[in-house]
Amino acid sequence: MGGMVDSTGFCAPSTGNIVKGNALHWFRHGLRLHDNPALNHAVCRCVEGSSASGRLFCLFVVDRSRFELPRDEAHNVRMSAARHRFLHDCLRDLDDSLRQRGSRLIVALGDPVKVIPQLLTEWRIGVLTYEKDVAPYSMERDALVNKFAMEQGVEVYVQHSKTLYDLDMLKDKSGGRIPLTYNGFQKLTAQAGRVAKPVALPEGPIPGPDENLISEEHKQWIDTNEYVANTPLLFPGGETEALKRLETSLSDPKWVANFEKPKTSPNSLDPSTTVLSPYLAMGCLSPKVFWHRLADIYARHPKHSVPPVSLHGQLLFREYFHAVGYTTDNFGRMEGNAICKQIPWDRNDELLDAWEYSRTGYPFIDAIMAQLRMEGWIHHLARHAVACFLTRGDLWQSWEQGASVFEKYLLDGDWSLNISNWLWLSSSAFFYQYFRVYSPISFGKKTDPNGDYIRKYLPVLKNMPHKYIYEPWTAPKEVQMRAGCVIGKDYPMPIVDHAVASKQNMQKMKVAYEIQANRISSNSKKKGNSKSGDPPIKRRRL
DNA sequence: CATCAGTTGTTACG
DNA sequence: CGTAACAACTGATG
Ligand SMILES: Cc1cc2nc3c(=O)[nH]c(=O)nc-3n(C[C@H](O)[C@H](O)[C@H](O)COP(=O)(O)OP(=O)(O)OC[C@H]3O[C@@H](n4cnc5c(N)ncnc54)[C@H](O)[C@@H]3O)c2cc1C
């Protein structure tokens, strides 16, 4: 029990006690041993140092206040049980892999800003290493930890291994302003040169911590089975699983070479894309490894697809959105976000709940949300359909609300990517053709005319004839009775008339865009320099 | 200032 | 099944 932290504050360290060769690698994302430059640095430090007594402490800090317990079914849980399970899988897998090298993972509970300083002192750490993370919460937290470490004379070593390129380098290369189009961004990456090769973890044993550092809390957390029980095991977490899934995804080189994202199906019964996203989000898979494996396949298939539709193109979208998220103030919200259209969304919790809990009365939408809640992954175009429906298409609710629901359930929930895509779908940034609206009835029919996807995720409709399954309220009463699903009783009536609402919303978008265009032109008249000191942008009501 | 391209819209009509 | 009409946006480019 010796090494446990009691989170009551930190004790003053005795600086002289630092052991240079002692390294603490702090896992947050980047939950892998391959292509993990910060971890490599820590390993090298403790095996090579002239102080032969160096040890590597691999740590993950579980901050329960950030993601509540999975049993808590309360409305405001931040992470679904499936997300918990995924994280738990990741940590167990890391622990297993580290044990094969004679080390182990240590799990501590508490607020990292308190826990890390305590452990730096207690374990007499000489160097702290971790992967850079650009979400605002992480940046704030890391700044506090860095400050403490510096004061104590602990070296801090940080690497941008979450992305293909170092985001600070892209930021500098673009003069601080990442282009606001995908094409422009592609040119920037072309200037930035080739994607670097991944780095391998040094061979050989890693000198780990003493067994007595393993606390009861740690054991309870890492050994628990409670996450495994109630969630389907479609996508087990962890680096091992990630590398396995990479191999299966690449096993058909023709499929890889011909991949065109817009042609993949949102409602197939098995995923039509790789589902590597959860592994990339948690860092179980290195994007550089994925990138170079694709490049190898492209080299052997000269007629391969190209960005934006190719798989390389998908990774570039990911890169693009991370870069924009990193360099845009207030990126996670509408107010004060310079690249976000200011749109007077409504706030109606009944509509929002109906959307989240599959009660909109549109089977395609409700089935997608059911898959999201149960399995934690939905296809990109399925995300389009439900995001459009919630925002500019039908319900006129804020994309911020939608993003936080997604964040709760998505195994691949990733701050910059989630926000960026919600901005895109709501026509708030990146994409402005708001007159292109997905139909909650027609869109799914193209790839699943029989409605098998709906039958799978909304069993109450499983006997509805295909003719009516996308709009069951149009089925004659007898048909509903025979199908065992009476609309208004067993399954809700539509909460909104899509034909009417989408037309109205299109007009509201037009007005919101006009107001913004006028305000910007009058602003720039007032002060020639629009860059400095933007006035706070106020929410407007129509 | 005009033109063009933009991963992934829908519906009606021939 | 392919194509035009629908209503008409933006950022980049010249
Ligand atoms: C409203 C909305 C919210 C989203 N939120 C997230 C999120 O929180 N986390 C997330 O990873 N993706 C998010 N996406 C993007 C995209 O839907 C998923 O990345 C993709 O569906 C993951 O499936 P895949 O791994 O099979 O993708 P593949 O088609 O196999 O693509 C390979 C990889 O490229 C990356 N990628 C693909 N598309 C995108 C994209 N549009 N934006 C960014 N990266 C992309 C992913 O890392 C993905 O794993 C969101 C999309 C929408 C419309």
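Colleague: Which element gives the most to the surface near DNA strand B?

Modeller: That's α17, with three residues. Near means that a heavy atom of the residue lies within 4 Å of the molecule or strand. Helices (H or I, at least four residues) and strands (E, at least two) are DSSP runs, numbered from the N terminus.

Colleague: Before we go on, what should I know about the model and the numbering?

Modeller: It's a predicted model, where local features need pLDDT of at least 70 and side-chain atom pairs count only at pLDDT 80 or more, while totals for chains, interfaces and linings use all residues; side-chain values use heavy atoms, leaving out hydrogens and water. Residues are numbered from 1 along each chain as its sequence is written, with chains lettered from A and ligands numbered from 1 in the order in which they are written.

Colleague: Which side chains have an N or O atom by a base oxygen or a phosphate oxygen of DNA strand B?

Modeller: Gln-314 has a side-chain N or O atom 3.2 Å from a base oxygen, and Ser-442 has one 2.6 Å from a phosphate oxygen. A polar side-chain atom of Gln-433 also sits 3.4 Å from a base nitrogen of DNA strand B. Two or more residues of the surface near DNA strand B come from each of α14, α17 and α20 (442-445).

Colleague: And DNA strand C, which residues are around that?

Modeller: Leu-180, Thr-181, Lys-187, Lys-341, Tyr-432, Gln-433, Tyr-434, Phe-435, Lys-510 and Tyr-513. For DNA strand C, sugar and phosphate make up 86% of the atoms that come within 4 Å of the protein.

Colleague: How far is Lys-187 from a phosphate oxygen there?

Modeller: A polar side-chain atom of Lys-187 is 2.9 Å from a phosphate oxygen of DNA strand C. For Lys-510, an N or O atom of the side chain is 3.4 Å from a phosphate oxygen.

Colleague: New topic: the ligand. What surrounds it?

Modeller: The ligand has 28 residues around it, the closest being Thr-273, Thr-274, Val-275, His-380 and Asp-412. By class, the shell holds 14 nonpolar, nine polar and five charged residues. Here Ala, Val, Leu, Ile, Met, Phe, Trp, Tyr, Cys and Pro count as nonpolar, Asp, Glu, Lys and Arg as charged, and the others, Gly among them, as polar.

Colleague: Which side chains have N or O atoms by the ligand?

Modeller: Thr-273 has a side-chain N or O atom 2.6 Å from a ligand oxygen, and Gln-314 has one 3.3 Å from a ligand nitrogen. His-380 places a polar side-chain atom 2.7 Å from an oxygen atom of the ligand. Taken alone, the ligand exposes 810 Å², of which the protein buries 99% (Shrake-Rupley areas, 1.4 Å probe).

Colleague: Which domains does the shell around the ligand draw on?

Modeller: Domain 2 (163-197 + 232-327) and domain 3 (349-498) each give at least three residues. Those bounds come from an automatic or database domain assignment. Between these domains, 26 residues of domain 2 are in contact with 27 residues of domain 3 (heavy atoms within 4.5 Å). The C-alpha centres of the two domains are 26 Å apart.

Colleague: Is Val-275 buried or exposed?

Modeller: Buried, at 1% relative accessibility. The cut-offs are under 20% relative accessible area for buried and over 50% for exposed, with partly exposed in between (1.4 Å probe, protein chains only). Asp-35 is another case, with a positive phi of about 40 degrees, and Asp-35 counts as buried at 2%.

Terms used
Polar contact = N/O pair within 3.5 Å; in protein donor to acceptor, adjacent residues only side chain to side chain.
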